[in-house]
Amino acid sequence: MMKPAVLLLCVLTWISLTPRAEAASPDAPRCDKPRAEEAFIEGFDHYSRKRWAAAIPGLEEAASLCPRPDGPWVISLHGFGQAPYLPYFYLGRCHVELKDHPAALRQLYLSVCFEEPARGKSRMENLDSMTDACLKHIRSPQRPQKHPFFSEGFAAYVQEKWESAAERMWDSLQNWPEDGKTTYSNGRWPEAYLPRFQLAKALDKLGCPRQACELLERSLVNDLVAQGNPRVKAESQEIVKLKAACADRSLRTQIDTSVCQRWDCWLRQESR
Amino acid sequence: MKRIAAALFLVLARCPLSAQTNLETNAGVQFNFSTPGAGNMGLGGAFLALAFDASAAYTNPAGLSTITQAESLIEARHWSYTHVFTDRGRIQGQAPAGGPDTEDTIAGLRDGQAEDQVTGLSYFSYVYPRRDWSFAFYRHELVNFEANFSTFGAYLERTRGRNPLGIPGTLDGRLAALRNHMEVGIVAYGGSASYRLSRGLSIGATLSYFDFSINSQADRFLPSLADAPDFDDDPLVNFQTQQGDDTDWGFAGGFLWESGQKTWSVGGVYRQGPDFTFQARSEPGVGALLRFEPRGRQASFHVPDVYGVGLAFRPIDAFRVALDFDRILYSQLTDGFVDIFDLASLSPSQEDEIDRFVIDDADEVHLGLEYAFLRRWPVLTLRAGAWHEPDHSLRFEGDNVGFLAVFRPRGDQMHYTAGVGMALRRIQVDAAIDHSERVSVVSLSAGFRH
């Protein structure tokens, strides 16, 4: 009969040798209801008065404190009525009113991913029309003559502002798909228009390697590098390092942070 | 009587009427305080609202915030100067003497021209961006100027009068024949920084250390009244020198605003010019008719302050157009103006005339266009531009006939520019030319991304 101490040691050893990814659960959305309610009330107060820019901080804080409550949640507004807790939807509306259609689109996609339509059907009848309107504003019917989102994203990446870089590259993809043709990153320095590849790089820096590798697989840069296109000489060197990291099998069981979950949502919605 | 009168007016003509002029070398010189970069030059110098390469360290430091990766720029320039100066003839309103035995045959003053060329490494800078800040250091050759020319000696005014012995006759005047040499150099070493205040708005500042040198000499010869000058045989009556080395600090500040899509941009800059001092001397020559004590004075050279604002429009990636307005305070060049000849001691009536030397401030307008063939690799860019340079030559507005003949307005200049560039991901090479009637500049620059 094994001694208890030895048995305990074996158990502890087994637990410590088990891959951490298989033992841990994904980063589940937390919900600090009291603080989220307080932030939501402050944000919605501005929202109801059409002070769109002022509403954003409170609504964003509420969304970060409680992105997905358990079931419908209606909040009393200090004696001025009630409002369903739909922070992402209201944030989308704010950005629409402020004419920031890419930011609006991201919030509306998060609204869908965090199941707000199920919790606030009556308030969200125009969700689809708002989403379509944003896409119509962002998408270019023909190849645009400039790529300002791409330039901003490129600059943000060099400045190591990974989140900003990722968002701008995603915006650029909504505007026009990857085509590898020459555009300006800044000044007179030409770059190949590869926002999907640049987004993959930014997500890798943000600690979302699984999402980065999925994007890398779909990027046009693979074809251009294979063709020996001289425009992508720099990318051909970067892609080698990224693909080596993507070969790491532990990516399959990656723990998704809240940042990575948001990006999962956006990338899924984008490919609908 | 006529022969005596002729001999006397020859003597009188040898009186230092010609020495009552201020240093003629300065009349033929126009300083252009150039901004760096072949890309800048190809656009007619309209760069304040663009300022998107390493030349921004000097031109508009706020533009450094548009640079997202470390880069450097190096430039070489070749200047070709055409100096215009009063050479010969007789002032208007006076009939030339005419005849086969005299050079006094031209009615009206005639200008002469001389050409000089200078080549040098004109600019180098390195830019390091870091998040919302960018930093740069640079070396810029602000002035690299050389002039060598000789004048014939124009005829001035014939008057009736009496010579010092009281004998009546005709007095004539002629400017001395000059042999001039001038070299001026100003090099700036600076550090710049810019900060992005918000999306689309940046400010910047530059602190520069300037190194100045001047070396000029004007030898004054007195040929016979009717003859052409002979610089080997004619007596050297006096000569003037301007010499010195000095240093000073200068400051510049700028801003840059870009619209959300970078379709429009506006930039502005103020550049404070440094002050330098040098020694100006006048000494009698070996052939002096009138001996005087060598005179030395400390003179000042103030690089003009510059205010500028620019607007740029970029509707598509491939095309840009830019427009700049610059006000250059050239009048500051006459601050501390020195009478190198000390004329007041020779003739008190001339004292007030010294204050009648003028240089006008200039309002320059610069326009430039650029088109990039983005489908080509390397990317090929063509540029064209023009800018208007108002006359800012030293001129005299008093009564002294000699000064009026030498220090005259020279007319505005139109400059036409053209440039070409080739760009890869990490290196770009640009070439440009700026041509006007009196100055032509060729520039070659290379930029590197690190």
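Glu160(A) lies in the loop between helix H9 (148–158) and helix H10 (162–175) of chain A, where helices (H or I, at least four residues) and strands (E, at least two) are DSSP runs numbered from the N terminus. The model is predicted, with local features needing pLDDT of at least 70, side-chain atom pairs counting only at pLDDT 80 or more, and totals for chains, interfaces and linings using all residues. Residues are numbered from 1 along each chain as its sequence is written, chains are lettered from A and ligands numbered from 1 in the order in which they are written, and side-chain values use heavy atoms, without hydrogens and water.

**Exercise 1.** Locate Arg131(B) and state its phi.

Solution. Step 1: Arg131(B) is placed in the loop between strand E2 (108–130) and strand E3 (133–150) of chain B. Step 2: its phi is positive, about 55°, although Arg131(B) is not a glycine. Step 3: with a relative accessible area of 40%, Arg131(B) is partly exposed.

**Exercise 2.** Characterise the peptide bond from Trp377(B) to Pro378(B).

Solution. Step 1: Pro378(B) belongs to the loop between strand E15 (362–373) and strand E16 (379–389) of chain B. Step 2: the bond is cis, with omega near -5°. Step 3: most peptide bonds are trans.

Definitions and conventions:
Buried < 20%, exposed > 50% of the residue type's maximum accessible area, 1.4 Å probe, protein only.
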